[in-house]
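Q: I have a model open and would like to learn how to read its features one at a time. Could you walk me through it?

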Amino acid sequence: MKFGSQFKALQVMAKEYGTQVLGLKMGSEMVVAVFGEKNIRFVCNDMNFDARPDSFFIKLRTFGRRCGVTFVDGPLWREHRQFVMKCLRKEGFAKEVMESDIQAETDKILNILKSSSGTPVNIRFLVSMAVTNISWKYIAGEHLRETQLHKFISLMSKRSEVFTMAGGWLNQWPWLRFIAPNWSGFSIIQKINLEMIEIIQESIRKHREGKVQGSDYIYKFMNEMYRESFTEDQLRGVLVDFLIASTQTTGSVIGFAIISLIRNKDICDKIYNEINTILGKNPPKAEDCTRLVYTSAFLYEILRKYTIAPFSGPRRTLKDTILDGYTIPKGTTILISLDDLHSNSEIWNNPEQLLPERFIDENGDLKNTNKIYPFGLGRRACPGEPLTKSFMLIFMVSIIQKYKIECSNGDMPSDEPIIGLLTEPRPFTARFIERP
Ligand code: HEM
């Protein structure tokens, strides 16, 4: 409580005990929090750490069953991670096709900004809608209805305030749901589950009736349903994974980027000048990241300073394993501190400062981009990385090219994050003033 989040508390405890491998018992669960680049690389690359914990909280997320990609392991995870990635790639995920989808969603937001005529806009919400729409199109062949999307994203933003990475109190003491359903977060999860089930069932039904055009992931999955692991629960699980992963993450990164531009006018001016010199009024493409060096450096710096997943996805040891001289028993939950790699003063000078220059070398090229791990690393690294990076560049360049960004009613937005399950910016609005 004192530190504001479980993540901060564990970071402070590890420092106090002078260790990079901090073991503790949470409820009935053995948990080890891992810090330091060497240890984190080891954990992410050793197959003994590839599994995910199997807890009440994790099963609650997927309607009481262990299914999907994000929180399963072993052969089921390998088969379905490979399958979903193959299907999405065939449809154009992470290729030029996706760029045109990003551009189309960006254009929608630009139109909203135009009609806002400088009145305050909740940009993070619009971005969450856009990214969810893009990833849902690849998964389910069409966009979500706007009212559905609106309701779902509002519920999701309440969710992560309630939980910390190991699942919060509800994970350790599931009976809390009976005596404190609201405080423990159980009620909000129930509401989200109802909303997700409605979205998912509607989409599956439309696919069964052949009412969706194209050959999206759901159709491809249905063609494989003669195979043992291709069950309806598994299909629902993957749809939950993609709905949850795309709603909050990218919206939060863009939220932090916009807040940082409002708070650092000099950085915003440098970015605008670079875009103006290199692109003029031409629309950006993802490949422009190598030419727009300062802009790209700024986006890397946002990913570093505001680490969206301070702990990467939780892992579980498959057998007794030695880590940094400590024996970690089989079945231990492992929390991997990505934030530690991004805020370590031995790696980054003045890590608390926003300095895009730390990603630019003396020849004016990008550097150090392989020293940050916002999307995790190894076999379980985030499959949404290409979508997020292309979205960040195309969206931010398009906005800055056309608009000056200002705070609402003179209120400077805080960049102090809310750290729950993920790191999020505090709610804020901004004004977008069209450039002449
Ligand atoms: C700023 C944006 C994002 C960040 C920072 C982020 C970060 C992460 C991290 C740290 C992990 C855990 C990796 C591990 O366990 O080692 C992860 C997993 C995952 N992410 Fe993302 N993510 C983002 C956006 C997305 C998007 C847009 C999607 C979907 C389109 C997505 C889908 C997933 C999935 C399915 C997994 C589970 C992978 C597995 O367990 O095999 N993510 N992400």
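Predicted model: local features only at pLDDT ≥ 70, side-chain atom pairs only at ≥ 80, totals over all residues.

Q: What does the UniProt annotation say about Cys382?
A: The unreviewed UniProt entry has a "binding site" annotation that covers Cys382. Take that as a record entry, since such annotations may be inferred rather than shown by experiment.

Q: Where is cysteine 382 found, and is it buried, partly exposed or exposed?
A: Cysteine 382 is in the loop between helix H15 (338–342) and helix H16 (385–402). For exposure, under 20% relative accessible area is buried and over 50% is exposed, with partly exposed in between. Cysteine 382 has 32%, so it counts as partly exposed.

Q: Now salt bridges. How many does the structure hold?
A: The general idea goes like this: side chains of opposite charge can pair when their charged atoms come close. This structure holds 30 salt bridges.

Q: Which side chain does aspartate 324 meet in a salt bridge?
A: Aspartate 324 pairs with lysine 38, at 3.5 Å from N to O. Aspartate 324 sits in the loop between strand S4 (321–323) and strand S5 (326–328), while lysine 38 is in helix H2 (residues 37–45), so the pair ties together parts that are 286 residues apart in sequence.

Q: With which residue does glutamate 406 form a salt bridge?
A: With arginine 431, the closest N and O atoms being 3.0 Å apart. Glutamate 406 belongs to strand S7 (residues 403–407) and arginine 431 to strand S10 (residues 430–434), so this pair links parts that are 25 residues apart in sequence. Glutamate 406 is partly exposed at 32%, and arginine 431 is partly exposed at 24%.

Q: Which residues are linked in a network of salt bridges?
A: Asp54, Lys59, Arg66, Asp73 and Arg316 are linked that way. Arg316 turns up again when you look at contacts: asparagine 48 touches Arg316, Thr317, Leu318, Lys319 and Thr321, leaving aside neighbours within four places in sequence. Asparagine 48 lies in the loop between H2 and helix H3 (56–61), and it is buried at 18%.

Q: What about alanine 297: is it buried or exposed?
A: Alanine 297 is buried, with a relative accessible area of 0%. You'll find alanine 297 in helix H14 (residues 293–305). Setting aside neighbours within four places in sequence, its contacts are Pro356, Phe359, Ile360 and Leu366.

Q: Over to the surface. Which residues form a nonpolar patch there?
A: Trp173, Trp175, Phe178 and Ile179 do, with about 510 Å² of accessible area together. Zoom in on phenylalanine 178: its place is in helix H9 (residues 176–179), and at 61% relative accessibility it counts as exposed.

Q: Last one, the backbone. Which residue other than glycine has a positive phi near 45°?
A: As background, most residues other than glycine have a negative phi. Serine 117 has a positive phi, near 45°. Serine 117 lies in the loop between helix H5 (96–116) and helix H6 (123–140), and it is exposed at 63%. Another to look at is asparagine 368, not a glycine either, with a positive phi of about 65°. Asparagine 368 is found in the loop between H15 and H16, and cysteine 382 is also in the loop between those two helices.

Technical notes
Residues numbered from 1 in each chain as written. Heavy atoms only, no water. Helix = DSSP H or I, 4+ residues; strand = E, 2+ residues; numbered from the N terminus. Buried < 20%, exposed > 50% of the residue type's maximum accessible area, 1.4 Å probe, protein only. Patch = residues over 30% accessible without salt bridge, like charges linked within 9 Å, V, L, I, M, F, W, Y side chains within 5 Å. Areas by Shrake-Rupley, 256 points an atom, 1.4 Å probe, with all protein chains shown as cover. Salt bridge = Lys/Arg side-chain N within 4 Å of Asp/Glu carboxyl O. Contact = heavy atoms within 4.5 Å.
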